[in-house]
Amino acid sequence: MRAVRVRRAAALTVSGLAVALLATGCGSGRPTVIVVEEGVPAAEVPASDADAGPARKGQQVVPPQKGRPQPAPERLLVAQGDLPDHKVTPEAHDSVPGSVDRPECLELAHAVSGYLPAGRTGWARAAVVAVASALPDDAPEGQKRAAALDAASSTVTVVTLGSYEGDAAHGHFAELQTAGRACEGGYAATAGGETVTVTRVVPHAASGGDEALAYTVEAERDGEPYQTELMVVRKGGTLVNFHADRLSGEAQLAAPAIEAQVRRLG
């Protein structure tokens, strides 16, 4: 698998995730699953309510036809037991979709920020960070300081998984492929009141699931260049988005996290 690197976290990634991870430590709870129903704001919805069809007085209730049911996202998402040398932290906050100056680039800009397309029947996210080997008690102080500094800026791989009905996941993946081809020359994206200029989008070979793609996105913010990496995998009606984040220095998507997640998809 090709190693993908980032010199600095993109403005449209969930950069606060690394700060939250370092400030609060990594939990061991289960991921929050957000169920989205048509016409209803995103919220946690009991399965019995989500599956119920419309009732009509005097008529037999027939649930609406759906595509093949997808496994619950929390069962598909990579977990701590899959990565003994990493710390896996469930996350409950979704990314905020931004806007772009070129409409044909919207799906790509959303993917770079870790946002999965609307219409999800379930959603889950986790942050994955490698755990450094413990130093011996008699290690030199300089080595301990260097290890602490490296840990404070460790690469965080964010894994976001969404389930879709019918052929929706395939359609969204195709839209992302089209956006990647159309926007290789760049675009401007705005999120949280901040605008970045993407100067180049470079596709890379990727494999996994039924379909996979990967891009290096080169951009500038306040005149300073940086890069971010993106990988998206589709397996049946499930989409998984991977991207990395680091407070400083180079970042690298955690290959073990990608491999473990792809295995979970089956």
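Q: To start, how many residues does the protein have, and what percentage of them count as buried?
A: The protein has 266 residues, of which 41% count as buried, where buried means under 20% relative accessible area, exposed means over 50%, and partly exposed is in between, with a 1.4 Å probe and protein chains only. This is a predicted model, in which local features need pLDDT of at least 70 and side-chain atom pairs count only at pLDDT 80 or more, while totals for chains, interfaces and linings use all residues. Residues are numbered from 1 along each chain as its sequence is written, and side-chain values use heavy atoms, with hydrogens and water left out.

Q: And how many helices and strands are there?
A: There are 7 helices and 11 strands, taken as DSSP runs numbered from the N terminus, with helices being H or I of at least four residues and strands being E of at least two.

Q: What share of the contacts comes from residues 24 or more positions apart?
A: Among contacts with a separation of 6 or more, such residues account for 71%, contact meaning heavy atoms within 4.5 Å.

Q: Which residues touch the most other members of the largest nonpolar core?
A: They are Leu108, Tyr187, Tyr215 and Leu230, in a core of 25 residues; a nonpolar core is a set of buried Ala, Val, Leu, Ile, Met, Phe, Trp, Tyr and Cys residues joined through side-chain atoms within 4.5 Å. At least two residues of this core come from each of α4, α6, β6 (187-191), β7 (194-204), β8 (211-221) and β9 (224-235). There is also a second, separate core of 22 residues, with Ala124, Val159, Val233 and Leu265 among them.

Q: What does Leu230 touch, then?
A: Not counting residues up to four places away in sequence, Leu230 touches Leu108, Ala111, Val112, Leu213, Ala214, Tyr215, Asn241 and Phe242.

Q: Switching to Glu211, is it buried or exposed?
A: Glu211, which lies in strand β8, is buried because its relative accessible area is 18%.

Q: Which side chains does Glu211 pair with through polar contacts?
A: The side chain of Glu211 has a polar contact of 3.3 Å with that of His170 and one of 2.5 Å with that of Arg234. A polar contact is a pair of N or O atoms within 3.5 Å; within protein, one must be able to donate a hydrogen and the other to accept it, and residues adjacent in sequence count only if both atoms are side-chain atoms. Leaving out residues up to four places away in sequence, Glu211 touches His170, Phe173, Gln177, Val232, Val233 and Arg234.

Q: What about Gln227, buried or exposed?
A: Gln227 sits in strand β9 and counts as buried because its relative accessibility is 17%. Its side chain is joined to that of Glu218 by a polar contact of 3.5 Å.

Q: Where is Gln80?
A: Gln80 is in the loop between α3 (73-76) and β2 (86-91), and it is partly exposed, with a relative accessible area of 34%. Apart from its neighbours within four places in sequence, Gln80 is in contact with His86, Lys87 and Val88.

Q: How far is Gln80 from Ala126 in space?
A: The two are 9.9 Å apart, C-alpha to C-alpha, while 46 residues apart in sequence.
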